[in-house]
Amino acid sequence: MYYPHRHLLAIEGLHPPEITHLLDLAESYVLLNRSGKTQRDLLRGRTLINLFFEDSTRTRTSFELAGKRLGADVLNMSVATSSVNKGETLLDTAATLNAMNCDLLAVRHDQSGAPNLLAQKVGAAVINAGDGTHEHPTQALLDALTIRRRKGRLEGLTVAICGDIAHSRVARSNIHLLTTLGSRVRVVGPPTLIPAEAERLGIAVFHDMRAGLADADIVMMLRLQRERMAKGLVPSEREYFHFFGLDQEKLAHAKPDALVMHPGPMNRGVEIDSAVADDPVRSVIKEQVEMGVAVRMAVLDTLARVQRRNAL
Ligand code: NCD
């Protein structure tokens with residue numbers, strides 16, 4: 001058993017073989033998906049609930065597709081958070097889900113730590129589908145799979161993660177995963193958007209795109225997460241694009257075969273220029289979405305196996 005945990009709540013704390021196991025299994029699901037086949041017997045009779053307290057396009061639909069391709073019964077619950085007491089709602093919801101005997105629960109919440117809390121209260125295996133500014137483990141796994149398939153490895157690569165690092169759970173999960181598997185990670189952005197913990201995590205910090213991108217193998221762009229931002233951290237979007245937006249000129253400082261990534265949703269003309277985002281050679285943004293389904297199939301499959309083993 002290469003992945004012994006009941007849940008997938010964070011990348012931080014996972015060991016290299018546990019991550020590699022999920023990536024290898026996901027790799028086999030990429031091939032299955034491309035062949036047009038499904039494996040509907042694997043999760044037959046199991047229920048996956050997608051519990052989303054925050055907006056999502058890619059993550060929710062890919063969890064849904066992943067569950068269906070493995071034969072699970074999939075239920076989507078989108079919960080409006082605006083007018084309710086979040087703590088109470090979460091625990092009430094946990095009680096409801098427990099009564100329904102759901103097996104797998106993918107949770108997105110605007111509060112960091114919400115999936116961890118749910119994991120203590122429900123019988124289901126919980127997958128963190130993004131919590132506040134904390135982690136987004138399946139995103140980091142799909143990013144790693146995209147890189148590994150294109151570059152053949154993760155070890156020794158230089159990955160520049162650029163933009164709003166401070167508010168990004170995608171950045172945090174990627175930093176943990178990539179450093180655990182031996183990549184060199186840099187973060188690039190204005191000082192107001194780089195978290196103080198960056199240095200503690202042992203990653204290089206750059207405030208200039210050209211210096212930060214120099215000789216990078218991978219350029220990962222992030223959205224300005226305004227919904228999580230205190231006002232006034234960024235002067236204007238035009239000025240931000242001028243200094244930190246990725247265009248062909250800035251990209252030219254990275255390696256000639258550097259790949260451009262973005263978890264989506266993209267704000268074209270703010271953190272990334274359309275010519276770069278749609279560049280058929282350099283941009284792997286659509287491939288990331290494809291990898292997302294395979295990675296989520298691997299995670300659902302793995303957690304269901306752990307459940308079966310624990311039930312013996
Ligand atoms: C990200 C998220 O929600 O954390 N999107 C995603 O899951 N693909 C990034 C973002 O919202 O900017």
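This is a predicted model: local features need pLDDT of at least 70, side-chain atom pairs count only at pLDDT 80 or more; totals for chains, interfaces and linings use all residues.
Reader: Which residue has a polar backbone atom 2.9 Å from a nitrogen atom of the ligand?

Author: The residues around the ligand include Q139 and G264. Q139 places a polar side-chain atom 3.3 Å from a nitrogen atom of the ligand. The backbone atom at 2.9 Å from a ligand nitrogen belongs to G264.

Reader: How much of the accessible area of the ligand does the protein cover?

Author: On its own, the ligand has 310 Å² of accessible area. Of this area, the protein covers 94%.

Reader: Where does the ligand sit, and which elements give two or more residues to the shell around it?

Author: The location of the ligand is the largest pocket. By class, its shell has three nonpolar, five polar and four charged residues. Two or more residues of the shell come from each of the elements α2 (58-69) and α6 (169-180).

Reader: Is I285 buried or exposed?

Author: I285 belongs to helix α11, which spans residues 285-311. In sequence, I285 and R44 are 241 residues apart, and their C-alpha atoms are 32 Å apart in space. The relative accessible area of I285 is 10%. Because buried means under 20%, I285 is classed as buried.

Technical notes: Residues are numbered from 1 along each chain as its sequence is written. Side-chain values use heavy atoms; hydrogens and water are left out. A residue is near a molecule or strand if one of its heavy atoms lies within 4 Å of it. A polar contact is a pair of N or O atoms within 3.5 Å; within protein, one must be able to donate a hydrogen and the other to accept it, and residues adjacent in sequence count only if both atoms are side-chain atoms. Accessible areas come from the Shrake-Rupley method with a 1.4 Å probe; for residues, only the protein chains shown count as cover. On a 1 Å grid over the protein atoms alone, a cavity is a set of points where a 1.4 Å probe fits but cannot get out, and a pocket is an open set with protein on both sides within 12 Å along at least five of seven lines; lining residues have an atom within 4 Å of a point. A molecule sits in a cavity or pocket if more than half of its atoms lie within 2 Å of its grid points. Helices (H or I, at least four residues) and strands (E, at least two) are DSSP runs, numbered from the N terminus. Ala, Val, Leu, Ile, Met, Phe, Trp, Tyr, Cys and Pro count as nonpolar, Asp, Glu, Lys and Arg as charged, and the others, Gly among them, as polar. Buried means under 20% relative accessible area, exposed over 50%, partly exposed in between (1.4 Å probe, protein chains only).
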